[in-house]
Amino acid sequence: MTPETITADAAGSRRLGDLTVHRIGFGTMRLTGSAPFDLGTPSDRGRSIAVLRRAIDLGVNHIDTAAFYFSALRSANELVNSALAPYPDDLLIATKVGPFRDHAGRWGTPARPEDLRGHVEENLRQLGRDHLDLVHLRRMRQDSIAEHFGALAELRQAGLIRHLGISDVEPRHLAEAQDIAPVVSVQNRFGLGHHSPGTEELLRTCGEQGIAFVPFFAIAGEGGAHGATSAHDEELRAVAHAHRTTPAAIRLAWTLAQGRHVLAIPGTGNPEHLTENVAAGALRLTEDELTRLDAVHRKAV
């Protein structure tokens with residue numbers, strides 16, 4: 001097989017809410033421009049739409065997006081709507097609410113619980129849907145998420161949301177949310193070499209409880225929102241060389257190897273990178289390679 005012929009089902013599948021999705025999904029943040037969350041150069045709209053359609057052609061059926069993903073001329077949700085509506089029956093679109101940006105792109109005060117209905121309705125409007133498959137509450141440093149998550153639980157009861165998740169949280173927040181409504185997904189920053197004891201505890205807890213763990217910036221390394229890092233440990237480069245692939249692909253493969261409950265949502269506006277990311281789902285690291293990469297991960301503390 002060549003990367004161009006590998007589809008998302010090579011990574012395997014798992015249930016996410018009431019849908020079965022492939023473990024390699026797609027994140028939309030990088031579709032909107034050269035610099036997420038600021039006034040970078042807007043993306044080429046036709047190319048971004050083509051990337052989304054190519055993702056579906058490659059079997060991707062889990063897309064992660066948000067209304068606050070936009071640049072001066074591009075909205076991730078609008079691109080998803082334009083590229084993919086009417087949506088395939090097996091496609092799960094996950095969104096996030098909580099953070100707020102005004103029309104000029106400036107970050108505003110995070111949503112209060114009573115604001116979240118407006119955030120959900122904006123996602124509905126932009127995506128052209130009458131309900132949202134999965135909504136993550138992105139915690140914005142508040143100590144408790146109970147009121148915010150409770151507001152989303154009410155919208156779930158009203159039929160605007162099918163499933164709920166949480167994002168950027170500590171282990172105690174998962175228990176707090178579960179006292180209010182079922183949690184099907186946890187999104188935290190996690191990847192090879194990026195450490196957070198709380199997140200690694202959540203990774204284990206999600207596995208024990210059958211909750212999907214969906215890391216963001218899994219291949220970005222220390223680059224984070226600024227894009228994938230070019231700083232790779234020599235051991236990582238050696239494993240990539242052995243598989244005739246890129247360090248980014250090995251980062252994805254290592255992430256997926258952390259448990260069958262782990263999903264990946266790498267994002268890109270580059271069709272070649274999309275093909276490489278999807279193909280990473282077919283990589284199978286040996287026990288020796290995993291041991292070596294685990295050592296790289298621990299060394300980065």
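Which residues in α5 meet which residues in α6?

Modeller: Happy to! This is a predicted model, so local features need pLDDT of at least 70 and side-chain atom pairs pLDDT 80 or more, while totals for chains, interfaces and linings use all residues. Residues are numbered from 1 along each chain as its sequence is written, and side-chain values use heavy atoms, leaving out hydrogens and water.

On the α5 side, the residues are P171, L174 and Q178. They meet G198, E201, L202, T205 and Q209 in α6 (heavy atoms within 4.5 Å). Helix α5 covers residues 171–178, and α6 covers residues 197–209 (helices are DSSP runs of H or I, at least four residues; strands are E, at least two).

Sorted by class, this contact has 3 nonpolar, 4 polar and 1 charged residues. Ala, Val, Leu, Ile, Met, Phe, Trp, Tyr, Cys and Pro count as nonpolar, Asp, Glu, Lys and Arg as charged, and the others, Gly among them, as polar.

Now for the geometry. The axes of α5 and α6 come within 8 Å and cross at roughly 40° (lines fitted to C-alpha atoms over the stretch in contact, with angles from 0 to 180 degrees between N-to-C directions). That is why α5 and α6 are oblique to each other (under 35 degrees is roughly parallel, over 145 roughly antiparallel, 65 to 115 roughly perpendicular, the rest oblique).

Helix α7 spans residues 234–242, and helix α10 spans residues 287–299. Their axes come within 9 Å and cross at roughly 155°, so α7 and α10 are roughly antiparallel to each other. Here E235, L236, A238, V239 and A242 in α7 meet E289, R292, L293 and V296 in α10. This contact has 6 nonpolar, no polar and 3 charged residues.

A85 and P86 are joined by a cis peptide bond, with omega about -5°. P86 sits in the loop between α2 (76–84) and β5. R141 is not a glycine, yet its phi is positive, at about 70°. You will find R141 in the loop that runs between β6 (132–138) and α4 (146–157).
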